[in-house]
Number of protein chains: 2
Amino acid sequence: MARDIAEKMLLKAGLRPTSQRVGLAAILFDGVDKHVTPDDVMRLAQSAGVDVSVATVYNTLGQLAAAGMLRRVTLDVGRTFFDTNVSPHHHLFLEDEDKLVDISGDAVRIIGLPDLGEGLRIKSVDVLVRVERG
Amino acid sequence: MARDIAEKMLLKAGLRPTSQRVGLAAILFDGVDKHVTPDDVMRLAQSAGVDVSVATVYNTLGQLAAAGMLRRVTLDVGRTFFDTNVSPHHHLFLEDEDKLVDISGDAVRIIGLPDLGEGLRIKSVDVLVRVERG
DNA sequence: ATAGTTGCAAAAGTTTTGCATTGTA
DNA sequence: TACAATGCAAAACTTTTGCAACTAT
């Protein structure tokens, strides 16, 4: 049952497993990696009969991302995706389908990044490959 | 005079060199590469005495980006930058200063990107390095 | 009781659209 | 005069905030 997993993930994230959050987490952590927008989540919640407001969807997604349970991927104006795959990896964006696809993080190597000055630390390196039919 | 250059760029982009657009282009293409948000541009326009609405700032930036005169760089929610450097290159984002810095495109090499299926074409490869003090 | 947490209505902020106006042929 | 392009007010959309209600001790 996905609800059990959902509850465990919420507790691990230090969030109370309220009915809204359990409902959302059950949708997100069903065992299949996904890339969803807040709007997708809202729609999925409605279909699943989870009664929740848009604000709570945003807040919950933000909290899960802050807890490292989701990865926020910002693409273009007004296109924020949340990725349930939180291991280091990159993304391919299929423009024609408006869809994000993971690229394994191990496979990709980036060489030639500049040395950082004193006291600076790399927080993340994201590669986004935009792909179109042609 | 930056106004002459501005007018040339607009004509090259197929846009009428109206007073608003010339004013904005003169701010953007003053010979120094910059990373600006629509809000920055609005403020700069006001300081420069260019009378223009927010909508026109957005529309003009979008038109210049579509014409390849500006590069749109989307970072996070509600953080769209326009880069006057349109040659292929990557970006470093300094979180503490909320500032984008260019990384030369020639210096960086990315290896291990997956083969694309039939009929797909890479449109762009963007690397974003997030940096923080630490 | 009370201190902390939650969910959401309302507010804030960003971007796009519809259309009156202006410019062009 | 007709036809296309422009600029912007207003609308649409995305995200955050403030606070009443709830929970746990």
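Which residues in H2(A) meet which residues in H4(A)? The close-ups below, all taken from a predicted model, start there.

**View 1. Where H2(A) meets H4(A).** On the H2(A) side, the residues in contact are Gln20(A), Arg21(A), Leu24(A) and Leu28(A). Their partners in H4(A) are Thr56(A), Val57(A), Thr60(A), Leu61(A), Gln63(A) and Leu64(A). Sorted by class, this contact has five nonpolar, four polar and one charged residues.

**View 2. How H2(A) and H4(A) cross.** Two packed helices are described by the angle between their axes and the distance between the axes. Here helix H2 of chain A spans residues 19–28 and helix H4 of chain A spans residues 54–66. Their axes come within 11 Å and cross at roughly 65 degrees. Since angles of 65 to 115 degrees count as roughly perpendicular, that is how H2(A) and H4(A) are described relative to each other. The crossing of H2(A) past H4(A) is right-handed.

**View 3. Chain B laid over chain A.**

**View 4. Asp98 in chains A and B, with positive phi.** Most residues other than glycine have a negative phi. Asp98(A), though, has a positive phi near 60 degrees, and phi of Asp98(B) is also near 60 degrees. Asp98(A) lies in the loop between strand E4 (89–94) and strand E5 (99–104) of chain A; Asp98(B) sits in the loop between strands E4 and E5 of chain B. Asp98(A) counts as partly exposed because its relative accessibility is 37%, and Asp98(B), at 38%, is partly exposed too.

Note on methods. Residues numbered from 1 in each chain as written. Chains lettered and ligands numbered in written order. Predicted model: local features only at pLDDT ≥ 70, side-chain atom pairs only at ≥ 80, totals over all residues. Heavy atoms only, no water. Axes fitted to C-alpha atoms, helices over the stretch in contact; angles between N-to-C directions. Helix = DSSP H or I, 4+ residues; strand = E, 2+ residues; numbered from the N terminus. Parallel < 35°, antiparallel > 145°, perpendicular 65-115°, else oblique. Left-handed = near helix turned anticlockwise from the far one by under 90°. Contact = heavy atoms within 4.5 Å. Nonpolar A, V, L, I, M, F, W, Y, C, P; charged D, E, K, R; others polar. Least-squares fit on C-alpha atoms with pLDDT ≥ 70 in both. Buried < 20%, exposed > 50% of the residue type's maximum accessible area, 1.4 Å probe, protein only.
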